[in-house]
Amino acid sequence: IDIAAFKTDKGFAGGWDNYQCKHYKNALYPTDVWLELGKLCYYTFIKEYSVPENYYFVAPLGIGTALSKLLRGGKPDELRKQLIKAWKKQCENAITSTKKIPLTGELKAYVEAFDFSIVKDKTVLQMLEIHRKTPYYHHRFGGGLPLRPVNEAPPDDHAEIEAVYIQKLLEAYAEFLQKET
């Protein structure tokens with residue numbers, strides 16, 4: 001888990017999203033994500049943490065065509081099938097350094113039933129748009145303050161209650177400009 005975005009104060013016991021960040025020299029290929037998906041399945045299987053509502057891959061160069069077809073093409077079953085096929089080579093000896101994690105028995109049944117539709121990606125532009133809505137965006141990227149909403153046009157006539165304010169305002173301008181009211 002690179003970034004756990006908790007939606008409640010209950011941590012992993014409540015809703016949360018996982019942002020898995022990758023900074024590679026190329027766009028992400030399916031072979032770049034098998035280990036991460038293996039870890040997701042294994043650690044949620046052993047209840048180290050709960051299944052996130054969304055599992056996002058975030059990479060400066062985005063995701064490649066093959067991975068895009070799996071994540072954006074609405075093919076969670078194909079994603080599962082390819083992960084299972086890659087498990088022995090990509091996951092079995094790499095999920096943890098303390099033991100092998102073969103895809104057998106209850107773990108295999110868990111992976112076969114896992115909802116891979118939660119696995120998605122976020123582009124750099126999408127991440128910047130999310131960040132833009134925080135108070136930290138302008139400190140990091142500058143650009144001034146967000147645009148203000150358009151003001152309503154003033155009414156043609158003022159309300160009677162505003163007369164004293166308007167008279168005082170006119171007197172202040174007159175004093176500043178050194179003119180008679």
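Start by selecting Tyr-110: at 22% relative accessibility it counts as partly exposed (buried is under 20% relative accessible area, exposed over 50%, partly exposed in between, with a 1.4 Å probe and protein chains only). Before you click on, note that this is a predicted model, where local features need pLDDT of at least 70, side-chain atom pairs count only at pLDDT 80 or more, and totals for chains, interfaces and linings use all residues. Residues are numbered from 1 along each chain as its sequence is written, and side-chain values use heavy atoms, with hydrogens and water left out.

Next, the rings. Phe, Tyr and Trp rings (the six-membered one for Trp) pair if their centres lie within 6.5 Å; planes under 30 degrees apart are stacked, over 60 edge-to-face, and the rest tilted. That rule gives 13 aromatic pairs. One of them is Phe-6 with Phe-12, edge-to-face at 5.0 Å centre to centre and 85° between the planes. Phe-6 is partly exposed at 39%, and Phe-12 is partly exposed too, at 32%.

Phe-45 lies in helix α1 (residues 30-45) and Tyr-110 in helix α4 (residues 105-113), so the pair ties together parts 65 residues apart in sequence. Helices here are DSSP runs (H or I, at least four residues), numbered from the N terminus. Phe-45 is partly exposed, at 26%.

Last stop: Lys-122, whose charged end sits over the ring of Tyr-56, 4.7 Å from its centre (NZ of Lys or CZ of Arg within 6 Å of the ring centre and within 35 degrees of the ring normal).

Definitions and conventions. Helices (H or I, at least four residues) and strands (E, at least two) are DSSP runs, numbered from the N terminus.
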